[in-house]
Amino acid sequence: MKIVKTIDEVRKIVREWRKQGLSVGLVPTMGYLHEGHASLIEASARNNDRTVVSDFVNPMQFGPAEDLESYPRDLDLDAAVVSAHGGDIIFNPEPSEMYHEGFSSFVDMTVLTEELCGLSRPVHFRGVCTVVSKLFNIVKPDRAYFGKKDAQQLAVIRHMADDLNMDIEIIGCPIIREKDGLAKSSRNTYLSDTERKAALVLSESVFLGMDMVRKGEKDSSVIISAMTAHIQAEPLAKIDYVKIVDCKSMQQITRLDRPALCAMAVYIGKTRLIDNFFTEDV
Ligand code: AMP
């Protein structure tokens, strides 16, 4: 397992692999890797001869009031996780390597990014689409792996790859949770002990919503009301959104008459956490 800092070096290594006829998987991450990331690396290692894990806290996807500076970083931890789970390279560029002076090209998207997290994080998906496009151009993988934890991101990337004819298979992987249900996230490290307990309202309300869908509830507002009430019972929780959307277009739907995504963002203290379920996984 090798840590690579430059675009030229990644390209050189991937070119050598290609000469040998090897397939390549890419797992884009912002580092501080946990079992959620590990599951993507394993999925890639299972289905590709080589796996590149990008480890880059992308400044472009953070808004001015967000946690770019405090976002946790630990390259030694990441190296251990990547080698333990079958990754071959960590691509860990400096921001100046990814965004040279005068950088002025962006990949942007309408519609899908105008709902859910896109509403409260207006620059986020432009940053995500731009950096993922760059990573696709640098690594040129056969397949790229994304977690369903960031469900809107997965839908946006699928849509971008389709719109822009990127010849890369986009694979969505299940949400990995702590034993008590909380979705694993690098941002969970921000939570105090009390907040960590309070954060369980996210997964609890996801399980509540899943149960209602399983029992045949089709009215979005009934499901959203029940989930919202559960979250609001926790004094440390403040809801950004709880919504049900079409799983491809990300537009809100009032009835579950097609594959849907039920997604939420909730502040626990100052920490913004997300969780969700796809009705097709219920
Ligand atoms: P991040 O480092 O948070 O940008 O995440 C990198 C990738 O890991 C994204 O595709 C995430 O959706 C995925 N990921 C993060 N947490 C989880 C989780 N708990 N389960 C599955 N995938 C995850």
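Let me start with a question: in a crossing of which hand, left-handed or right-handed, does α9 pass α10? The answer is right-handed. Before I go further, please note that this is a predicted model.

Stay with that pair for a moment. Helix α9 covers residues 200–214 and helix α10 covers residues 220–232. Their axes come within 9 Å, and the crossing angle is roughly 155 degrees. Because angles over 145 degrees count as roughly antiparallel, α9 is roughly antiparallel to α10. On the α9 side, the contact is made by V201, E204, S205, V206, L208, G209, M212 and V213. On the α10 side, the residues are V222, I223, A226, M227, H230 and I231. Sorted by class, this contact of α9 with α10 holds ten nonpolar residues, three polar ones and one charged one.

V213 comes up again elsewhere. T279, in the segment after β9 (271–278), is in contact with V213, L256, R258, P259 and A260, leaving aside neighbours within four places in sequence. Is T279 buried or exposed? T279 has a relative accessible area of 17%, and under 20% counts as buried, so T279 is buried.

Now to the cores. In soluble globular proteins, nonpolar side chains tend to be buried together. Here the largest nonpolar core has 51 residues. The members that touch the most others are M98, F136, M160, I170 and L261. Which helix gives this core its largest share? That is α6, residues 124–139, with nine residues. Apart from this core lies another one, of 27 residues, with M210, I244, L273 and F277 among them.

Not counting residues up to four places away in sequence, M160 touches V107, M109, C129, V132, S133, F136 and M166.

M160 also takes part in a helix contact, between α6 and α7. Helix α7 runs over residues 151–163. Two packed helices are described by the angle between their axes and the distance between the axes. For α6 and α7, the angle is about 55 degrees and the axes are 11 Å apart. The two helices are therefore oblique to each other. As for handedness, α6 passes α7 in a right-handed crossing. From α6, the contact takes in F125, V128, C129, V132, S133 and F136. From α7, the partners are Q152, Q153, V156, I157 and M160. By class, the contact of α6 with α7 has eight nonpolar residues, three polar ones and no charged ones.

α6 has another partner to show you, helix α1, residues 7–19. The axes of α1 and α6 come within 8 Å and cross at roughly 45 degrees. α1 and α6 are therefore oblique to each other. The residues in contact are I7, V10, R11 and V14 of α1, with N137, I138 and V139 of α6. They divide into five nonpolar, one polar and one charged.

Let me turn to the backbone. Most residues other than glycine have a negative phi, and most peptide bonds are trans. K140 has a positive phi, near 50 degrees, and is not a glycine. Where does K140 lie? K140 is in the loop between α6 and β5 (143–147). With 53% relative accessibility, K140 counts as exposed. Its contacts, leaving aside neighbours within four places in sequence, are with R18 and L135. The C-alpha atoms of K140 and M166 are separated by 9.4 Å, with the two residues 26 apart along the chain.

M250 is also not a glycine, and its phi is positive, at about 65 degrees. M250 sits in the loop between β7 (237–246) and β8 (260–268). Buried or exposed? M250 is buried, with a relative accessible area of 0%.

Last, A79, in helix α3, residues 75–84. A79 is buried, at 14% relative accessible area. Which residues does A79 touch, not counting those up to four places away in sequence? They are M1, I3 and I90. From A79 to V10, 69 residues apart along the chain, the C-alpha atoms are separated by 16 Å.

That is the tour. I am happy to go back to any part.

Definitions and conventions: Residues numbered from 1 in each chain as written. Predicted model: local features only at pLDDT ≥ 70, side-chain atom pairs only at ≥ 80, totals over all residues. Heavy atoms only, no water. Axes fitted to C-alpha atoms, helices over the stretch in contact; angles between N-to-C directions. Helix = DSSP H or I, 4+ residues; strand = E, 2+ residues; numbered from the N terminus. Parallel < 35°, antiparallel > 145°, perpendicular 65-115°, else oblique. Left-handed = near helix turned anticlockwise from the far one by under 90°. Contact = heavy atoms within 4.5 Å. Nonpolar A, V, L, I, M, F, W, Y, C, P; charged D, E, K, R; others polar. Buried < 20%, exposed > 50% of the residue type's maximum accessible area, 1.4 Å probe, protein only. Core = buried A, V, L, I, M, F, W, Y, C linked by side-chain atoms within 4.5 Å.
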